[in-house]
Amino acid sequence: MNKNELKNIAESLINTFNVAGKESIELYDKGLKIKIKKDNSPVSNGDLRVNELITKKILEITPNIPIVSEETVNLNIKNKSKIFWLIDPIDGTKEYIAGKDEYTLNAALVINTVPVLGLVGVPKKNRLFFSYNPGESYLIENKTIKKINCSKKNPENKIVALTSAQGKPSEIILNKLKEYKVSSIVKMASSYKFCVIATGEYDIYAARERANEWDYAAGHAIAKNAGALISTLDGKVFLYGKEDYKNPSLLLRRSENLNV
């Protein structure tokens with residue numbers, strides 16, 4: 001697919017993400033219906049409705065590309081596709097159920113192990129991020145579209161890291177953050193972490209092996225196409241399309257030099 005085709009696909013999903021985001025809030029306000037999945041994680045009717053809306057639109061746009069969604073994936077079937085969609089209708093379901101504002105709506109198109117296109121909606125923050133090519137990452141906020149490029153928002157030499165850990169990050173992660181002379185650590189849920197590094201509001205996120213490919217892919221596309229550096233903790237390339245969808249460790253940096 002060329003750049004214009006990817007641009008058209010991404011932009012044609014924006015309205016669907018806005019509608020799905022509004023519906024997620026409306027369903028929460030009405031009172032969510034919650035079930036516990038086999039892996040003991042919760043799923044709500046909000047997750048399922050968002051999944052339905054996004055999946056339907058993607059099928060209209062790209063009917064011949066397979067869709068892998070957290071809510072419908074069969075983990076007993078190994079992934080063999082080279083081109084496929086990854087959907088996490090609501091990343092941060094626990095935050096969503098608790099009424100918090102960091103949950104996200106996610107879709108990414110993976111081509112030959114790389115998430116080239118991504119959309120991340122953050123309904124309660126009225127933010128929508130999308131990207132379709134290197135140098136083409138955008139934030140829609142207050143009905144205004146602006147390009148984002150990882151430019152630092154914090155003062156020089158103030159390096160702020162993000163963590164998804166409930167308590168104190170592990171020694172492995174703390175030691176990695178020390179290498180980059182991190183000033184402070186902020187807890188944040190969901191793929192929103194990728195997006196606020198892409199905007200330059202935060203500098204670095206490090207994590208041990210956790211979650212699945214659909215949790216990261218859309219945010220990965222947005223951050224990488226904005227100029228962020230993404231690898232595993234030991235410096236290997238972070239790839240998608242693994243048969244079991246499991247993520248390796250992650251190191252996400254706004255730039256090579258986090259001071260400026």
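Which strands does helix 4 (residues 171-179) lie across? In this predicted model, helix 4 lies across strand 10, strand 11, strand 12 and strand 14 (250-253), and runs at about 150° to strand 12. These strands belong to an open sheet of five strands with the order 11-10-12-14-13, in which the pairing is mixed. At the edges stand strand 11 (184-187) and strand 13 (229-231); each has a single partner strand, so one side of each is left without a neighbour in the sheet. From one strand to the next, the twist averages 20°.

Alanine 211, in the loop between strand 12 and helix 6, has a phi near 60°, a positive value in a residue other than glycine. Its relative accessibility is 26%, and alanine 211 therefore counts as partly exposed. Tyrosine 245 is located in the loop between strand 13 and strand 14. The phi of tyrosine 245 is near 70°, again positive in a residue other than glycine. With a relative accessibility of 4%, tyrosine 245 counts as buried.

A second open sheet consists of seven strands in the order 3-4-5-6-7-8-9, also with mixed pairing. Its edge strands are strand 3 (67-69) and strand 9 (144-147), each of which pairs on one side only. Direction ignored, neighbouring strands of this sheet are turned by 20° against each other on average. Strand 3 and strand 4 (residues 83-91) run parallel and are joined by three bridges. In this pair, isoleucine 67 is placed opposite tryptophan 85 in strand 4. Helix 1 packs on the sheet and touches strand 4, strand 5 (104-111), strand 6 (114-122), strand 7 (127-133) and strand 8 (136-141); the direction of helix 1 makes about 160° with that of strand 7. Helix 2 also packs on the sheet, where it touches strand 3, strand 4 and strand 5, and its direction makes about 150° with that of strand 4.

The two helices also pack on each other. Helix 1 (residues 3-30) and helix 2 (residues 45-61) have axes 9 Å apart and an angle of about 160° between them. An angle over 145 degrees counts as roughly antiparallel, and helix 1 and helix 2 are therefore roughly antiparallel to each other. The crossing of helix 1 past helix 2 is right-handed. On the side of helix 1 the contact comprises Ile9, Ser12, Leu13, Thr16, Phe17, Ala20, Glu23, Ser24 and Leu27, which meet Asn45, Gly46, Arg49, Val50, Leu53, Ile54, Lys57, Ile58 and Ile61 in helix 2. By class, the residues of this contact divide into 10 nonpolar, five polar and three charged.

Strand 5 is covered on both faces: Thr104, Asn106, Ala108 and Val110 on one side, and Leu105, Ala107, Leu109 and Ile111 on the other, are all buried. Eight of the eight residues of strand 5 are thus buried, so strand 5 is largely enclosed by the rest of the structure. Strand 5 pairs with strand 4 in the antiparallel sense over seven bridges, and phenylalanine 84 stands opposite valine 110 in strand 5. Strand 5 and strand 6 likewise run antiparallel and are joined by seven bridges. The bridge partner of alanine 108 in strand 6 is glycine 118. Together, strand 5 and strand 6 form a hairpin with two residues between them, and asparagine 112 in the turn has a positive phi of about 50°.

Isoleucine 90 is placed in strand 4. With a relative accessible area of 1%, isoleucine 90 is buried. Its C-alpha atom is separated by 4.8 Å from that of leucine 105, a residue 15 residues apart from isoleucine 90 along the chain. Leaving aside neighbours within four places in sequence, isoleucine 90 is in contact with Ser24, Gly46, Asp47, Val50, Glu70, Tyr96, Tyr103, Thr104 and Leu105. Of these contacts, Ser24 in helix 1 and Gly46 and Val50 in helix 2 also take part in the contact of helix 1 with helix 2.

Key:
Residues are numbered from 1 along each chain as its sequence is written. This is a predicted model: local features need pLDDT of at least 70, side-chain atom pairs count only at pLDDT 80 or more; totals for chains, interfaces and linings use all residues. Side-chain values use heavy atoms; hydrogens and water are left out. Axes are lines fitted to C-alpha atoms, for helices over the stretch in contact, and angles run from 0 to 180 degrees between N-to-C directions. Helices (H or I, at least four residues) and strands (E, at least two) are DSSP runs, numbered from the N terminus. Angles under 35 degrees count as roughly parallel, over 145 as roughly antiparallel, 65 to 115 as roughly perpendicular and the rest as oblique. A crossing is left-handed if the near helix is turned anticlockwise from the far one by less than a right angle, and right-handed if clockwise. Contact means heavy atoms within 4.5 Å. Ala, Val, Leu, Ile, Met, Phe, Trp, Tyr, Cys and Pro count as nonpolar, Asp, Glu, Lys and Arg as charged, and the others, Gly among them, as polar. Two strands pair if DSSP finds at least two bridges between them. Buried means under 20% relative accessible area, exposed over 50%, partly exposed in between (1.4 Å probe, protein chains only).
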